[in-house]
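Biologist: I would like a close look at one helix of this chain. Please take me through what lies on it and around it.

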Amino acid sequence: MASLALYPGSFDPVTLGHLSVIRRASGIFDHLEVVVVHNPNKNSLFSAGERIDLIERSCKELGIQGISFSTLNSGLLAAHARKIGAKTIIKGLRTSADLDYELQFASMNRDLENVETVFLATEPEYSQVSSSLIREVSGLGGDVSKHVTACVAEALREKFTK
Ligand code: PNS
């Protein structure tokens with residue numbers, strides 16, 4: 001049976017670090033689905049639809065192919081994984097603090113639906129970048145074009161000059 005993995009996250013917005021994980025995970029599994037998790041209690045800069053659109057366009061920009069996309073607006077990621085037959089969740093790890101934080105999710109997702117989590121070490125050049133930092137720096141007028149694709153940099157400029 002073909003292997004299907006999920007790569008979940010807020011992706012608000014997607015960074016080059018996320019895209020590196022997407023490219024590498026897509027080389028390991030037969031199929032990768034990127035899941036944009038929308039948390040209604042969290043104030044996001046981009047809507048779930050905008051986030052998916054930016055990931056799709058960023059993948060095109062970088063020549064990453066064969067990925068599918070979905071949004072999870074409510075409910076458990078583990079239940080979504082069971083429903084679509086995914087046995088693996090992918091997470092990128094930038095630092096040991098990420099690992100400490102992620103272990104609880106990995107353990108809970110295994111307990112809930114026997115879904116395993118595979119961690120990919122972030123490439124060193126992306127280890128200090130996060131979506132929240134990108135939002136903050138961009139919102140204060142800083143140049144984040146080293147850390148995001150051209151379409152994301154443009155979308156950030158549009159958001160903050162409105
Ligand atoms: O990019 P983020 O915000 O660090 O991603 C966190 C995310 C969305 C992967 C996590 O919050 C999640 O899995 N949410 C889905 C709801 C869920 O299943 N919660 C229980 C986790 S064990």
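Modeller: In this predicted model, the buried residues of H2 are Ala48, Arg51, Ile52, Leu54, Ile55, Ser58 and Cys59. Because they cover an arc of only 160 degrees around the axis, they sit on the same side of H2.

As for the helix itself, H2 has 15 residues and covers residues 48-62. From its first C-alpha to its last H2 reaches 21 Å, close to the 21 Å expected at 1.5 Å a residue. Just after H2 comes glycine 63, with a positive phi of about 75 degrees.

Next, the strands under the helix. H2 lies across S2 and S3, and runs at about 165 degrees to S3. S2 (residues 31-37) pairs with S3 in the parallel sense, over 6 bridges. Valine 37 has leucine 72, in S3, as its bridge partner. Another helix, H3 (residues 77-84), also packs on the sheet. H3 touches strand S1 (4-9), S2, S3 and strand S4 (88-93), and its direction makes about 155 degrees with that of S1.

The sheet as a whole is open and has 5 strands, in the order S3-S2-S1-S4-S5, with parallel pairing. At its edges are strand S3 (67-72) and strand S5 (116-121), each of which pairs on one side only. Neighbouring strands of this sheet are turned by 30 degrees against each other on average, direction ignored.

Back on the helix, one of the buried residues of H2 is Cys59. What is the relative accessible area of cysteine 59? The value is 2%, so cysteine 59 counts as buried, the cut-off being under 20%. Cysteine 151 is also buried, with a relative accessible area of 10%. A disulfide needs a pair of cysteine sulfur atoms within 2.5 Å. By this rule the count comes to 0 disulfides. Cysteine 59 is therefore in no disulfide, its nearest cysteine sulfur being that of cysteine 151.

Key:
Residues numbered from 1 in each chain as written. Predicted model: local features only at pLDDT ≥ 70, side-chain atom pairs only at ≥ 80, totals over all residues. Heavy atoms only, no water. Pairing = 2+ DSSP bridges. Helix = DSSP H or I, 4+ residues; strand = E, 2+ residues; numbered from the N terminus. Axes fitted to C-alpha atoms, helices over the stretch in contact; angles between N-to-C directions. Contact = heavy atoms within 4.5 Å. Expected span 1.5 Å × (residues − 1). Buried < 20%, exposed > 50% of the residue type's maximum accessible area, 1.4 Å probe, protein only. Arc of directions from axis to C-beta.
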